[in-house]
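Please examine the sequence and the three-dimensional structure shown below. The explanation that follows is intended to be read alongside them.

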Amino acid sequence: MAASACGLFLFLGPDRARKHQRLAQLRQSLTVHALDSHELNARQLTPADFGTLIREYPTASPARLIVVEDHYPEGGLGEA
């Protein structure tokens, strides 16, 4: 896991169950309400949609949690 000063957390690696466990812990520690937690599929997400989502203010929480899942075969990001 990597974290930056702006509150960006990056979870990488093949252990999907462990990533989901860490995300649940992060969601709880940040007190993120369900309205402000988004889990998105990278294949279906356009850059414009993502840009709109990250510019929105939290609805019911002090922070937003946006998770973009890599659902490509072999765990890769596919062909660009």
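The model is a predicted one, in which local features require pLDDT of at least 70 and side-chain atom pairs count only at pLDDT 80 or more, whereas totals for chains, interfaces and linings use all residues. Residues are numbered from 1 along each chain as its sequence is written, and side-chain values use heavy atoms, with hydrogens and water left out.

The protein chain contains 2 helices and 4 strands, and from the N terminus these elements follow the order β-β-α-β-α-β. Helices (H or I, at least four residues) and strands (E, at least two) are DSSP runs, numbered from the N terminus. Of the 80 residues in the protein chain, 18% are buried; buried means under 20% relative accessible area, exposed over 50%, and partly exposed in between (1.4 Å probe, protein chains only). Residues 24 or more positions apart supply 55% of the contacts with a separation of 6 or more, a contact being heavy atoms within 4.5 Å. The chain exposes about 6100 Å², of which carbon and sulfur atoms supply 57%, with areas calculated by the Shrake-Rupley method with a 1.4 Å probe, only the protein chains shown counting as cover for residues.

In soluble globular proteins, nonpolar side chains tend to be buried together. Here the largest nonpolar core consists of 6 residues, F11, L23, L26, V32, L65 and V67. Such a core is a set of buried Ala, Val, Leu, Ile, Met, Phe, Trp, Tyr and Cys residues joined through side-chain atoms within 4.5 Å. Helix α1 (16-29) and strand β4 (65-69) are the elements that give two or more residues to this core. On the surface, F50, I54 and V68 form a nonpolar patch with about 230 Å² of accessible area together. Patches are made of residues with over 30% relative accessible area and no salt bridge, like charges being joined within 9 Å and nonpolar side chains (Val, Leu, Ile, Met, Phe, Trp, Tyr) within 5 Å. I54 belongs to helix α2 (residues 47-55) and is partly exposed, at 47% relative accessibility.

Strand β3 (residues 37-41) includes H38, which is buried at a relative accessible area of 17%. Leaving aside neighbours within four places in sequence, H38 is in contact with L53, R64, L65, I66 and V67. H38 and V67 are 29 residues apart in sequence, yet their C-alpha atoms are 6.0 Å apart. S37 also lies in strand β3, and its side chain makes a polar contact of 2.9 Å with the side chain of R27. A polar contact is a pair of N or O atoms within 3.5 Å; within protein, one must be able to donate a hydrogen and the other to accept it, and residues adjacent in sequence count only if both atoms are side-chain atoms.

The structure holds 3 salt bridges, each a side-chain nitrogen of Lys or Arg within 4 Å of a carboxyl oxygen of Asp or Glu. One of them joins the side chains of E39 and R27 (3.2 Å, N to O). This pair links strand β3, which holds E39, to helix α1, which holds R27, across 12 residues. D36 forms a salt bridge with R64, with the closest N and O atoms 3.7 Å apart. D36 is in the loop between α1 and β3 and R64 in the loop between α2 and β4, 28 residues apart. Both D36 and R64 are buried. The side chains of E56 and R64 also meet in a salt bridge (3.2 Å, N to O).
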